[in-house]
Amino acid sequence: MTRPYGTLTRNATVTRINHWITAACFILLMLSGLSMFDPVLFWLSNLFGGGAWTRMIHPWIGVVLLISYSGLIIQFWRDNLWTRNDLAWLMAIDKVLVNKEEGVPEVARFNAGQKFVFWSMTLLVPTLFFTGLVIWEYYFGTYTSIPTQRAALLIHSLGAIAAIIIWIVHVYAAIWVRGSMRAMTQGYVTPGWAWRHHRKWFRALATTGSTGPKPNANGRSEK
Amino acid sequence: MSNLQSQDYIRISATTTTPPSARNWEDQVSKLIDVTRCIGCKACQAACMEWNNLRDEVGEFHGTYDNPLDLDPHTWTVMKFTEHENPKGDLEWLIRKDGCMHCEDPGCLKACPAPGAIVQYANGIVDFISENCIGCGYCVKGCPFDIPRISEVDHKSYKCTLCSDRVAVGLEPACVKACPTGAIMFGSKKDMTDWAGERIVDLKSRGFENAGLYDPPGVQGTHVMYVLHHADTPGIYAGLPENPKISSTVEFWKGLIKPVALAGIAAAAVSGFLHWIIAGPNEVQPEDEEEAKHVLQANGFPEAEGRDHRTEHQA
């Protein structure tokens, strides 16, 4: 990979691989899940080899996603902790939305919107997994009562819809904020990108002499 | 079990268009199970096995007359025996033939996500078309009577067909043909309702003042009806539901949230597109790179010197 000299690492290689495994699982789960959710989308099951294959494969992809997303939680949770600064950023969301970021509070590695996506998915993924187990007819069809399974189906459906809408927000934000997509494909951003969107993170890297993604813990020792 | 039928459909699962419905000159049918005349001989169970080529595995004795204990993929009807002590202190042996009730408003069909896996014929019979079944188990959640059973071998859902294959060629269901006491009858829904009415008058005259017909309105009536001596308390007949209807959870899940969810997803995508054409992309400006360079230089980044060339290229 040709990576321009002097850029900053936004996401390490392991993080990017982890992210794209999760992304692939999510997209497959969305397509197969929607085919079983609304009959007008049943044709999507053809992508998976028909209805029975869709029913068989969907929960297994879910298992992979849970494991994969757990990896993302481990890597990202600390940088997603909520701070008072996030509230101030949210108050200035109107400026953010029209691309006028002057006067908006400086953002560390993740802004409040990214944190919202992270924590929503952190809540929804386990919810979808456990309600999914209840309705996984093949293995667990007899473990719970029918009323429990009905409730699980409803929660699973509502949770999935919420997750899909949040996923759309996530994908659009990556398209909207130019340079973000490359941060998750090739893994680097330009200093200007970091300055513009994550100035606090940028300053932390600059003052500790780090090229990212984390500031050096012991100051400037690493050069 | 098969859709080689000489009649058209009223409903097809997971299908939004009108099903083929020209061949509709057919009476609504019903099976009438007169619980008050049942002697518990299980001839109906044997006939069901024989006609449908079902042979369940021999199970274990559980200390009751119920055999097998419950419905399963190979047992589409089973006699449920209840020893009921009435208020006078007398024992009543209540024997109810359990199986699919063939609801006029079938919860299984409403819940089913697979097009054509569950159909309702013009005569009211609700049938599973197994080759279209995907084995998801939604019908189990949709059914207010706990009837469908998923096979652990082929992962298809099974239940009583009301012998739709026999009925289609003018025969009565196998259980009806086998019943030695006339406790199971079959005909048009109207004839069966009329016949039940006569029988109920008879029962009332013999002291069963709460005798009545079980044709629950919560599912818009059923195409399998019971004559009960105690129609006011159907629960005593091995848990026959008092007022069965499709669970509101299922109605909500299969009703309102489907269009609302798809509209919500579409709205999210459209909002993104509108934002893109109104506000447009958020692009890094040359000034940003300049500022960043100053900060890096101020912090003594050796790389910062060589960045100029690339930054111009980038901008």
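A residue is called buried if 20 or more other C-beta atoms lie within 10 Å of its own, exposed if 12 or fewer do, and partly exposed in between, with C-beta atoms placed from the backbone. The views show a predicted model, in which local features need pLDDT of at least 70 and side-chain atom pairs count only at pLDDT 80 or more, whereas totals for chains, interfaces and linings use all residues. Residues are numbered from 1 along each chain as its sequence is written, and chains are lettered from A and ligands numbered from 1 in the order in which they are written.

**View 1. Overall layout of chain A.** Of the 223 residues of chain A, 36% count as buried, and the C-alpha trace spans about 60 × 40 × 30 Å along its principal axes. Chain A contains 10 helices and two strands, where helices (H or I, at least four residues) and strands (E, at least two) are DSSP runs numbered from the N terminus. Their pattern along the sequence reads β-α-α-α-α-α-α-α-α-β-α-α.

View 2. With 17 other C-beta atoms within 10 Å, A:Leu31 is partly exposed. Leaving aside residues up to four places away in sequence, A:Leu31 touches A:Leu44 and A:Leu47, a contact being a pair of residues whose C-beta atoms, placed from the backbone, lie within 7 Å. The C-alpha atoms of A:Leu31 and A:Asn80, 49 residues apart along the chain, are separated by 28 Å.

**View 3. The two sides of helix H6 (residues 189-205) of chain B.** The end C-alpha atoms of this 17-residue helix are 24 Å apart, in agreement with the 24 Å that it should span at 1.5 Å a residue, the expected span being 1.5 Å times one less than the number of residues. In H6(B), the residues B:Lys189, B:Met192, B:Ala196, B:Ile200 and B:Leu203 are buried. They cover an arc of only 75° around the axis, which puts them on the same side of H6(B); the arc is that of the directions from the helix axis to the C-beta atoms. The buried residues of H6(B) pack against strands S2 (29-34), S9 (184-188), S10 (212-214) and S11 (224-228) of chain B, while on the other side B:Lys190, B:Asp194, B:Glu198, B:Val201 and B:Ser205 are exposed. Just after H6(B), B:Gly207 takes a positive phi of about 100°.

**View 4. Chain B where it touches chain A.** Here 52 residues of chain B are in contact with 48 residues of chain A. H8(B) gives the most to this side of chain B, with 11 residues.

Notes:
Two residues are in contact if their C-beta atoms, placed from the backbone, lie within 7 Å.
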